[in-house]
Amino acid sequence: MLDATYEVSLAILIFGGLIVGAILVRAGLRGVGVPPLIGFVVLGLALGAADSRWDILSPVMQSQFEFVAELGIFALLFRIGLESNLRGLLQQLPRALLIWVVNVVLSGGAGYFVARHLLGIALIPSLFVAIALTATSIGIMITIWREAGAMRSRNGALLTDVAELDDLSAILLMLLLLNILPIVGGTADGSIIAMAGATAGLTVLKVVLFGAGCFLFSQYMERPITRLMSRLEPMPAPMLMMIGIGLAIAALAGLLGFSLAIGALFAGLVFSRDPEAVRVDASFDAIHDMLVPFFFIGIGLQIDLASLPLGLGLGGALLAAAVLGKVVGAGGPALLTSGAAGAALIGVSMVPRAEIAMVVAREGRKLGDWAVPPEVYSALIFITLVTCLLTPLVLRWMLARWPQQEN
């Protein structure tokens, strides 16, 4: 009994310390213009180093931490879905389509080519690398453009649409890969297309059906439920109800063979069409700010310290593909509509990899070394940290040189 009480007390102490640490990290790094997620990952890396030295995280505590990290993923992707404007995105799709397709193909293709053919990484890990590198960080991009007063410019609106499409397509590509992998298992030396075509088709059908169910709920049930709850109870009850429904949707996605990340994104999209629900989102900030750091701390905690030397080497090689894939893939097509300066701004703005890339890396790492080995995982985290740290510095200088006029 004493041991159990001690373990619970130690777990609460660690979680409380991490919450305080995350607040201090966020405040300190924002003051110098560094994305807080970098500090959160380093915080997790430090916790992992302490655990390897003093064995402070028992299996039960690791399971508890994993649960809180999953809630962090839910909060992160629920917010991304909630803030998405699908109707506006569909209206702007013709303008953003070319940039989106070319940059996804080139960034993913460059990542796969370097990983598979230059670095000799196995097929499945190379596919995870490719998918992770198709994503971008809309949060970091928006922050910098908003600081420059350029968010409502023509190029700012175009960039937002392309970044949203990037993240959505990366999530869907990850879903396809996760559903294909059970067929090939850890021996993926054969033709993955021939072996997994039927499964990919079934996965697409399940996504369409699940999306249709979410759409029907969004159209006919979400608003009446939200308004009824608002009349019955004051805040924060409507917000808590929204989170509860979102968790149920995310869990259902998991039971259907999707990941929690997919379900959380769909759950956010369910509420994104309702302005009343989006207003409720403001009261979600405290929960979001408490839970999301645990996702990034968990990312750092999963880094194998022994894999860092090799991971940094792989990450350095993949970094060139990560940068060029977006600068050329997004900036090249943007030349047709935005001019040289606008194309350069769009290309550089797409370089940071953060939230979605880390989700892809984490989902692959959970499958084991055959899917994402420790050194490949470390390489992907290295890419996200470097691009998130350096790109804002370059982008601020570029926006100062080529200011964008808001419409």
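Me: As what does Glu66 count by its relative accessibility?
Reply: This is a predicted model, in which local features need pLDDT of at least 70 and side-chain atom pairs count only at pLDDT 80 or more, while totals for chains, interfaces and linings use all residues. Residues are numbered from 1 along each chain as its sequence is written, and side-chain values use heavy atoms, with hydrogens and water left out. With a 1.4 Å probe and protein chains only, buried means under 20% relative accessible area, exposed over 50%, and partly exposed in between. The relative accessibility of Glu66 is 29%, so this residue counts as partly exposed.

Me: Which helix holds Arg396, the residue paired with Glu147?
Reply: Glu147 and Arg396 meet through their side chains in a salt bridge of 3.0 Å, N to O. This pair links distant parts of the chain, 249 residues apart, with Glu147 in helix H6 (residues 138–147) and Arg396 in helix H16 (residues 374–401). Arg396 is partly exposed, at a relative accessible area of 28%, and the helix that holds Arg396 is H16.

Me: Is Arg365 buried or exposed?
Reply: Arg365 forms a salt bridge with Asp369, their closest N and O atoms being 2.7 Å apart. Whereas Asp369, at 46% relative accessibility, counts as partly exposed, Arg365 has 18% and therefore counts as buried.

Me: Which element gives the largest share of the lining of the largest cavity?
Reply: A cavity is a set of points on a 1 Å grid over the protein atoms alone where a 1.4 Å probe fits but cannot get out, its lining residues having an atom within 4 Å of a point. The largest cavity is lined by Ala11, Ile14, Phe15, Leu57, Met61 and Phe65, and the elements that give two or more residues to this lining are helix H3 (59–82) and helix H1 (2–31). The largest share, 3 residues, comes from H1.

Definitions and conventions
On a 1 Å grid over the protein atoms alone, a cavity is a set of points where a 1.4 Å probe fits but cannot get out, and a pocket is an open set with protein on both sides within 12 Å along at least five of seven lines; lining residues have an atom within 4 Å of a point. Helices (H or I, at least four residues) and strands (E, at least two) are DSSP runs, numbered from the N terminus. A salt bridge is a side-chain nitrogen of Lys or Arg within 4 Å of a carboxyl oxygen of Asp or Glu.
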